[in-house]
Amino acid sequence: MLHALWSPGAGLLLWRDERRGAEPPEPLGGLLARARFRHRAEALQPTGAVAEVPAHALAPAAAAEVLRQRLPPESAAGDLRFLAHVAHGIERWVRAGRVVPQLRRADGQWWARWELVGGARQRAWSAELAALMPAALRVPGRPAAVLEDLLAELTDPIARSLLGHAARSQHPLVAGLYDDEPVEPGGYRPAEVLERWRAGLEAEEYELVLRLGEPDGDGGEFTLWRLEVCVRADEAPEPVALHGDPVRLRTGMAKLEQARAAYPRLRDLPGDDTTLDLLLPTEVVADLVEHGAAALHAAGIRLLLPRPWTVTAPTLKLRVTSPPAAESAVGLPGILSYRWELALGDTELTEAEMRRLITAESDLVRLRGEWVQADRTALSAAARYVAAHRGDEATLAALFAELARERVDGVPITEVTATGWAAELFDRHTESAEVPDPPGFGATLRPYQRRGLAWLATMSRLGLGAILADDMGLGKTIQVLALLLHERAAAPTLLVCPMSVVGNWQRETARFAPGLRVLVHHGAGRLSGAALAAAAAEADLVITTYALLARDVADLAECRWERLVLDEAQHVKNAATRQARAARAVRARHRLALTGTPMENRLEELRALLDVVVPGLLGSAQAFRARFAVPIEREADQNAVTRLRAITGPFVLRRVKTDPAVIDDLPEKLEMTVRANLTAEQAALYQAVLDDMVEKLRSAEGMARRGAVLAALTRLAQVCNHPAHFLGDGSPVLRRGRHRSGKLALLEDIVDGVLGDGEKALLFTRFREFGELVVPFLTERFGTAVPFLHGGVARGARDAMVERFQSADGPPLMVLSLAAGGTGLTLTAANHVVHLDRWWNPAVENQATDRAYRIGQRRAVQVRKLVCVDTLEERIDEMIAHKRKLADLTVGVGENWVTELGTDELRDLFALGAEAVGE
């Protein structure tokens, strides 16, 4: 293992520990072959002791050449890799043009040297390097000395190597910058001019920030929005005055032209008399957010939106009301009433609000005190649809026909809820009545199988066909046998299955339901006509095959059947086959399909299967193709997806082996709450948010009060994460090498321990913005790639990211947004899960944890939930742990319970405690 020191005046000193193994690969192999370890250096040994070691010295130019190459981590120690990291950083600054020529006096002559410009960004970069510098490189009493000399000595040779060589006819200063020759004539005056030039460049290192302010109007045709044109260096953004600092004005005007080049709609807009600010009509603001923001971001220009701004899509919700089952007909002929509701995000719109949206002239409207951007064409169409379907009454069959037939483009259906008997069909959160293991059943059902039995019994009672689509091996057979024993119907059940599983059904029935009378309709001597009908009437279960179903359909159709069960029902996924036609011809009170693959290749397969168990539900094959198959399969139409799910969801129950309610053979899961102190900066921001909320609650009522509380919840969580997350100002993660967030400092320690043990971790946050702060910090701090999976990652990139992380040589860390990475992924390469910010619904956190804690995980999983001491986070954590009301939360409840607390209770809940701030 090759180590390194940087010695001011001597350059790079390389030394290696006493352990000798195979020679390292290039470039270190060739370097060691030529090295002469003639120098002596005091080095910090891996044991912690300081010892004098033989070292090989490299002058700055040679050192720069070595450090800029790719050093193999198995041969280069951490101190050497750190120095290489610094050299690569200098190269990035050089390529970005952030270097200037200077004249320096040495050995009685003047020499041209390339030096870093300096400025706020380079100072912040240098401070972070100083904080991350390995102990072996630090000079006692003056830890920055090594870094200062390193930056000064490496910048010049790196810049020269990128420039190449100049022609001899160049100016003496230019020749000196290219060829490292003395500058004649030199002098203190030209050196002073160059120094002043650098100081001016440093002063003009401004960043353009465009800040959109809220207008006084309601977003109508004549409303104008102020787009503040601000610049900043190392301070908060400030508007550029036309008659103020000429340097700021000149810089602001130049950068505003860059913004206009990136987003031309900023041209030819009215402006302000005293500043560079622009006044934007509402239609330009809507386009700015939808399209311009991305163009400006690509050009390196920051756009700050008003805090309450939301960009959302309209959705439809269906509310179904039905009487108790004992008071009316149930199932497809059952009468029920229903109404549609239109929502923007979580806000359900009133009739008055929908009337406003119908007549809106812009995609941008002010709704309940917040600016909301949504497609006005889709909104208007949805509002008209909802207004035309207030309080409709129909049969269940007619409601499904409407769902299949009618649509509002661009507005998906996100929720269907019901009361009365319909609730058992539509609302999966409403548990069916508990069904005990039936008498005479020769096994104990697992909890998920008992839930399956209760669902099957409910569907049978409602007279509705169903598809039990559990994964193979989860016990579809015994759930059906338990249903037969539970009901003990007067008429028999006809079970159709492939020939290969007829014997299995016989054995399973004899084992688990020996009280059932079984007739196998198979073989050359099988019964037919009246004899078959009589024998079937004496049986509880008649078993036959798909081939015989098609062949004997005339006889089987004449029998009286309580239920038709199709096992391995994919055999009827083609509606035109003889088996499918025969299955539709059999008369039965209840129809049930069993399959682990309700759809394998095409959506038509699902329609054909449902057409057997719930005839007519999805209409004809031609209508289904036009309404669902083509829009979904060719265009990925989410509107069609949600309508199809609303229709088919009540009739399909699918559990998979990775379902947390099913699996029970996983290793231990260790959950712990880890506490961090706020920094003084965080505490001040926290108190300011709390004071602002209390002030707003003095006069707020109803929705305004609820909105103020929910907004404070989000803002306090952002403060607990990091000041830069709350402020959204792009300020650095560290300040003068010190952490601004106690939580991020704690995370650094946790990750250091995980990586030190050679293990992997998943880091979850519910804020994409916080992930974008954390990822660069961790990448820089630990020298490893840190993928970030969020909603903006395309599916192909997401799959590649997961595959890479799961590989043995993949990155040890992955940051995931809770919304995008909380479900549907297998990330068992990690056995550490860290929740960076708490989500008040434990079910959502558990789903995220289960990306690592699932089948395939062989190691104990450590789950850490980060909270800030004596803040809202800690009190919510305690309530989740100790209050039954919170322990029973299910997905969708979220934070709404907090809004029901009184003002005094809220103040006590949110208030900072005495131990919140660390030293």
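**View 1. Glutamate 568, a partly exposed residue with positive phi.** Glutamate 568 is partly exposed because its relative accessibility is 29%, where buried means under 20% relative accessible area, exposed over 50% and partly exposed in between (1.4 Å probe, protein chains only). Its phi is positive, about 50°, although glutamate 568 is not a glycine. Glutamate 568 is found in the loop between β24 (561–567) and α20 (578–585); helices (H or I, at least four residues) and strands (E, at least two) are DSSP runs, numbered from the N terminus. This is a predicted model, in which local features need pLDDT of at least 70 and side-chain atom pairs count only at pLDDT 80 or more, while totals for chains, interfaces and linings use all residues. Residues are numbered from 1 along each chain as its sequence is written, and side-chain values use heavy atoms, with hydrogens and water left out.

**View 2. Aspartate 268 in the loop between α8 and β10.** Aspartate 268, a residue other than glycine, has a positive phi near 55°. With 80% relative accessibility, aspartate 268 counts as exposed.

View 3. Cysteine 497 is buried, its relative accessible area being 0%. Cysteine 559 also counts as buried, at 5% relative accessibility. Zero disulfides are found in a search of the whole structure, a disulfide being a pair of cysteine sulfur atoms within 2.5 Å.
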